[in-house]
Amino acid sequence: MAIDLTLAWALLLAFAVFTYVVLDGFDLGLGILYPFFPKKQDRDLMMNSVAPVWDGNETWLVLGGGGLFAAFPLAYAIILPATYPLIIAMLLALIFRGVAFEFRWRAGRPFSAWVWDGAFIGGSTLAALCQGMILGTLLQGIEVEGRAYAGGWWDWLTPFTLLCGVSVVAGYALLGACWLNIKTEGGIQARARVAARVAGLATVAGIVGVSAATPFLETAYFERWLAWPGILEVAIVPVLVAALTLWLARALTSGKGPDWLPMLLALGLFLLCFAGLGVSMWPYVIPPAVTLQDAAAPESSQMFMFVGAVVLVPIILAYTAYAYWVFRGKLDPDEGYH
């Protein structure tokens, strides 16, 4: 049975992006929540919860970007010029945030500690905002002429992209709060559950706002989501979003059930949003101008790289799973990773 390499690469990149969102989402979320946990011991505990694994989470971002360049070079050549300011800002934010992981532990003066805490907060929030705005830029459409980007330097800055960016910030904050609920006990866990309820409301509001605006961006989106009888086929997505939202609200307010349940439900919301994104964009990689087939590399190149990916991705998954397994369980406030 022949393999559709273009589809296989599209699924692999979608998996890499979603895995990055899952793993680095709660990681960035902790930085977004930092201002609401002003005590140094709480901040130390929050950072220790991800210190052993945060840098490994970035692997999936590299895989997604490198895979896009290798498997869909035309899309890479168009998307990057359209979002250069966002990508540059995101990378700088991730750099400052990564440096803050180490430097805040060595800050001997209160001012230095304040600076590096600010770098951690600002880097996390800006990276999440930029990622959401890049998504919004793709959804709203990129102006393409021939095989090149034909838009302006500021085309990425619109109310819709800002809405997407703020929604991703809220969603990552929700994941971060749910992660703290798993890893901590006592007062900080109670505050994390409160933060999760607030961030959950903001996330759901963002999902509703983006979902309401998306069908009116492109005719194809409208026909896919709201035209009859196609609406019957895609209605399952918003129905499941509503069901998971109610379940998550109950899990966060009742205080009953395992500590990992809110995280699982929050990830379910992200997965449904990801599915909705796929429904909107398929079969385009750059709506409405470039399809997956248009952007694909030659089949021989795709096959050569796919063999390597089939070997490497399970290895990455294995070491990631092992790292989380080794550092599983609740944190001890008296013991730290650093």
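Predicted model: local features only at pLDDT ≥ 70, side-chain atom pairs only at ≥ 80, totals over all residues.
Colleague: What average pLDDT does the protein have?

Modeller: pLDDT is the predictor's confidence in each residue, from 0 to 100. Here the protein averages 84, and 95% of the residues score at least 70. Confidence is highest in helix H7 (residues 159-183), at a mean of 93, and lowest in helix H10 (residues 230-234), at 71.

Colleague: Back to Ala75, then. Is Ala75 buried or exposed?

Modeller: We go by relative accessible area: under 20% is buried, over 50% is exposed, and in between is partly exposed (1.4 Å probe, protein chains only). Ala75 has 0%, so Ala75 is buried.

Colleague: And what is Ala75 in contact with?

Modeller: Contact means heavy atoms within 4.5 Å. Skipping neighbours within four places in sequence, Ala75 is in contact with Leu68, Val285, Ile286 and Ala295. Ala75 also shows how a chain can fold back: Ala296 is 221 residues away in sequence, yet their C-alpha atoms are 8.2 Å apart in space.

Colleague: How many residues does the largest nonpolar core have?

Modeller: A nonpolar core is a set of buried Ala, Val, Leu, Ile, Met, Phe, Trp, Tyr and Cys residues joined through side-chain atoms within 4.5 Å. The largest one has 91 residues, and Phe72 and Tyr172 have the most contacts inside it. Helix H1 (residues 5-33) gives the largest share of this core, 17 residues. There's also a second, separate core of 7 residues, including Leu139, Phe160, Tyr221 and Met281.

Colleague: What does Tyr172 touch?

Modeller: Not counting residues up to four places away in sequence, Tyr172 touches several residues, among them Tyr20, Phe26, Ile32, Gln131 and Phe270. Ala170 is buried, with a relative accessible area of 12%, and beyond four places in sequence Ala170 is in contact with Ala199, Ala202 and Thr203.

Colleague: How do I read a pair of packed helices?

Modeller: Two packed helices are described by the angle between their axes and the distance between the axes. Axes are lines fitted to C-alpha atoms, for helices over the stretch in contact, and angles run from 0 to 180 degrees between N-to-C directions. Look at H7 and H12: their axes come within 9 Å and cross at roughly 160°.

Colleague: What do we call the arrangement of H7 and H12?

Modeller: Under 35 degrees counts as roughly parallel, over 145 as roughly antiparallel, 65 to 115 as roughly perpendicular and the rest as oblique. H7 and H12 are therefore roughly antiparallel to each other. Their crossing is left-handed, meaning the near helix is turned anticlockwise from the far one by less than a right angle (clockwise would be right-handed). Residues making the contact include Tyr172 and Trp179 of H7, and Met263 and Phe270 of H12.

Colleague: At what angle do H11 and H12 cross?

Modeller: Roughly 160°, with the axes of H11 (residues 236-254) and H12 (residues 261-281) coming within 9 Å. This crossing of H11 and H12 is left-handed, and the contact includes Leu244 and Trp247 of H11 with Leu265 and Leu269 of H12. As for H1 and H2 (residues 40-50), their axes come within 10 Å and cross at roughly 170°. That makes H1 roughly antiparallel to H2.

Colleague: What kind of peptide bond joins Trp282 and Pro283?

Modeller: Most peptide bonds are trans. Trp282 and Pro283, however, are joined by a cis peptide bond, with omega about 0°. Pro283 is found in the loop between H12 and strand S3 (284-286).

Note on methods
Residues numbered from 1 in each chain as written. Heavy atoms only, no water. Helix = DSSP H or I, 4+ residues; strand = E, 2+ residues; numbered from the N terminus.
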